[in-house]
Structure formats: C-alpha cells, structure tokens
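Student: I've got the coordinates open and I'd like to talk through how this thing is packed. Can we go piece by piece?

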Amino acid sequence: MMIDHKEYGNLSELVSALTDPSLPLVSNLSNVSAVLGGMENINWAGFYIAEGGVLYLGPFQGKPACTRIPFGSGVCGTAAESKKTVIVDDVDSFPGHIRCSAESRSEIVVPILKDGKTVAVIDIDSPVLARFGRKEADELEKIAGDLAGLFLQSHT
C-alpha cells in the first residue's frame, strides 16, 4: 500500500491527523506505523518502546523483528542512547548492526524524547542503499516531537 501524501502536504501533517491523545498509545503508534510503512521503498517501519535501558518491540509494519534491543546496541540502541537521529546508508557498514531482516540495506532511527529521556524510537528500514537523508530526518524528527506528547512518562 502506498500512502498519498498530497492531500496533507507532508508526512507530519498526515500523522497529526491520525493521532488522538484520547486513544491508547498503542492505537496511535499502530496507525503511525501504517503511514510510515506506506512510504516508498520501505520494508519495515515501526517503534521500539524504551523501558529500563532496553527497547522493546512496539507497533510496526513488516516482517517479524527483534523484540529486545539494549540501549547502545545496533542502530536503534545507538539512537536511543545518544538521543540523536542515526542514518545508515549501508547497514553492512554499521559496526554492531543487529540484522533482523536480510532484505534491509539502509536504515533511519529517530529517538522520541520526553523530559530529556528516550521513551521510544522510530525505526524505518529500506531495501535500497542510502534511502534516507536530511529531508526524511527532518520530517521524522518533527513527527517524533509531536508523538512525545502521547507518552505518559519516561521509563528510562
């Protein structure tokens, strides 16, 4: 399924239109993962939720994935620990990359911060090398900032 972003202007507007703070977090993140998974050249999109220095698999679109990633491990754990977006043009060149799918060639991970702590990360994989750049990072960082308000408290 491809998402038509034209009627919303940009991805963050579409995400904003689909989220509702009165709904459970899992409902909101499920819809957002569906939107992110509908982007061009994406084979996995979803969330890992932080608790006690570990990221646990949250709502996603794609094949089954790793269920637990410690902060500091792999691309997701690196982004969670550093509290910074990580773009990897070629996952085979990232030291310590955790391979959940042999189909993934590039990846972007954006931390969701609340009260200065990582509460979750947005993780998106592509079967295309160097799929992600500053444009995607800017849009996903805006989405992460908007989603932070949906989290009740930080768990790390």
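Student: Which residues does Leu 36 touch, not counting residues up to four places away in sequence?

Tutor: Keep in mind that this is a predicted model. Leu 36 belongs to the largest nonpolar core, where it is among the residues that touch the most other members. Leaving out residues up to four places away in sequence, its contacts are Leu 11, Ile 42, Ala 45, Phe 47, Ile 122, Ile 124, Leu 140 and Ile 143.

Student: Which element gives the largest share of that core?

Tutor: The core holds 27 residues, and Ile 112, Ile 122, Ile 124 and Leu 147 join Leu 36 in touching the most other members. Elements giving two or more residues are α1 (11-18), α2 (25-37), β1 (44-51), β5 (106-114), β6 (117-126) and α4 (134-148). The largest share is six residues, and it comes from α4.

Student: How many bridges join β5 to β6?

Tutor: These two strands form a hairpin with two residues between them, and Asp 115 in the turn has a positive phi of about 55°. Pro 111 stands opposite Val 121 in β6. The strands run antiparallel, and the bridges joining them number nine.

Student: Which elements do the buried residues of α3 pack against?

Tutor: The helix spans residues 74-82, and its buried residues are Gly 74, Val 75, Cys 76, Gly 77, Ala 79 and Ala 80. Just past the helix, Lys 83 takes a positive phi of about 60°. The packing partners of those buried residues are β1, β2 (54-62), β3 (68-70), β4 (86-88), β5 and β6.

Student: On to charges: how many residues apart in sequence are the parts tied together by Glu 103 and Lys 63?

Tutor: Their closest N and O atoms are 2.6 Å apart, which makes a salt bridge. Glu 103 is partly exposed at 39% relative accessibility, and Lys 63 is partly exposed at 48%. Glu 103 sits in the loop between β4 and β5 and Lys 63 in the loop between β2 and β3, so the parts tied together are separated in sequence by 40 residues.

Student: Which helix holds both Asp 146 and Lys 142?

Tutor: Their side chains meet in a salt bridge, 3.3 Å from N to O. Asp 146 is partly exposed at 42%, and Lys 142 is partly exposed at 45%. The two are four residues apart, about one turn of the helix, and that helix is α4.

Student: How many salt bridges does a search of the whole structure find?

Tutor: Besides the pairs above, Arg 105 bonds with Asp 92 in a salt bridge, with closest N and O atoms 2.9 Å apart. Arg 134, Asp 138 and Glu 141 are linked in a network of salt bridges. The search of the whole structure gives a total of six.

Conventions:
Residues numbered from 1 in each chain as written. Predicted model: local features only at pLDDT ≥ 70, side-chain atom pairs only at ≥ 80, totals over all residues. Heavy atoms only, no water. Core = buried A, V, L, I, M, F, W, Y, C linked by side-chain atoms within 4.5 Å. Buried < 20%, exposed > 50% of the residue type's maximum accessible area, 1.4 Å probe, protein only. Contact = heavy atoms within 4.5 Å. Pairing = 2+ DSSP bridges. Salt bridge = Lys/Arg side-chain N within 4 Å of Asp/Glu carboxyl O.
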